[in-house]
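This briefing concerns a single protein structure, shown below.

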Amino acid sequence: MSLPRGIRNNNPLNIRRSKDKWQGLRAQQTDAAFCQFETMAYGWRAAFVLLTRTYYHTYRLFTIRNIIRRWAPPGENNTEAYIRNVSRLTGIDPNEPLGIPSDKPGRWIALGLAMAMQENGADATLDTFAVLRGWEMRME
């Protein structure tokens, strides 16, 4: 059995291809829909940049419910099930503000991990050290 697409692409949150020139993108992008990163740390970096810079600071989305509604819209996903699962995995109420990322890094890292599990399956191999490197790299 092959690994989930997001793991194969080093893209744990399945970030779609766009005009964004992410750090660490593979030179050859062979997946027509999703970004492919050189390492899992770069994939996590992109995920945390999106969650903390774009979703938190730019879009001003502060809760699991609001983040997931934008991340996984109902036209493409069972958004309410996604929200419930991420809330259950993190132990954070879907309507509770997550807090400022620099003050509450554990909550944002937990959000990323839960979303990666939702995107790639509960049995997906998640490299904890790559997650932490990606969190640190998000400021670069």
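The model is predicted. Helix α6 spans residues 128–137, and its buried residues pack against α2 (40–58) and α5 (105–120).

- Within α6, the buried residues are A130, V131, G134, W135 and M137.
- Because these residues cover an arc of only 165° around the axis, they lie on the same side of α6.
- The face turned away from that buried side carries the exposed residues T128, F129 and E136.
- The partners of the buried residues of α6 are α2 and α5.
- At the start of α6, the backbone nitrogen of F129 has a side-chain oxygen of D127 within 2.9 Å.

**Packing of α5 with α6**

- Two packed helices are described by the angle between their axes and the distance between the axes.
- For α5 and α6, the packing angle is about 125° and the axes are 11 Å apart.
- This angle makes α5 oblique to α6, since angles from 65 to 115 degrees count as roughly perpendicular and those over 145 as roughly antiparallel.
- The crossing of α5 past α6 is right-handed.
- On the α5 side, the contact is made by P105, W108, I109 and L113, and on the α6 side by V131, L132 and W135.
- Among these α6 residues, V131 and W135 are buried.

**Packing of α3 with α5**

- Helix α3 covers residues 64–71, and its axis comes within 13 Å of that of α5, with a crossing angle of roughly 40°.
- That angle makes α3 oblique to α5, because an angle must be under 35 degrees to count as roughly parallel.
- Here too the crossing is right-handed, with α3 passing α5.

- With a relative accessible area of 15%, N10 is buried, because buried means under 20%.
- The side chain of N10 reaches the backbone oxygen of F37 at 3.1 Å.
- Beyond its neighbours within four places in sequence, N10 is in contact with R26, F37, E38, T39, M40 and G43.
- Although N10 is not a glycine, its phi is positive, at about 55°.
- Most residues other than glycine have a negative phi.

- The phi of N14 is near 55°, a positive value in a residue other than glycine.
- T39 also has its place in the loop between α1 and α2.
- The relative accessibility of T39 is 34%, so T39 counts as partly exposed.
- T39 is one of the residues in contact with N10.
- T39 and L50 are 11 residues apart along the chain, and their C-alpha atoms are separated by 17 Å.

How values were computed:
Residues numbered from 1 in each chain as written. Predicted model: local features only at pLDDT ≥ 70, side-chain atom pairs only at ≥ 80, totals over all residues. Heavy atoms only, no water. Buried < 20%, exposed > 50% of the residue type's maximum accessible area, 1.4 Å probe, protein only. Helix = DSSP H or I, 4+ residues; strand = E, 2+ residues; numbered from the N terminus. Arc of directions from axis to C-beta. Contact = heavy atoms within 4.5 Å. Polar contact = N/O pair within 3.5 Å; in protein donor to acceptor, adjacent residues only side chain to side chain. Axes fitted to C-alpha atoms, helices over the stretch in contact; angles between N-to-C directions. Left-handed = near helix turned anticlockwise from the far one by under 90°.
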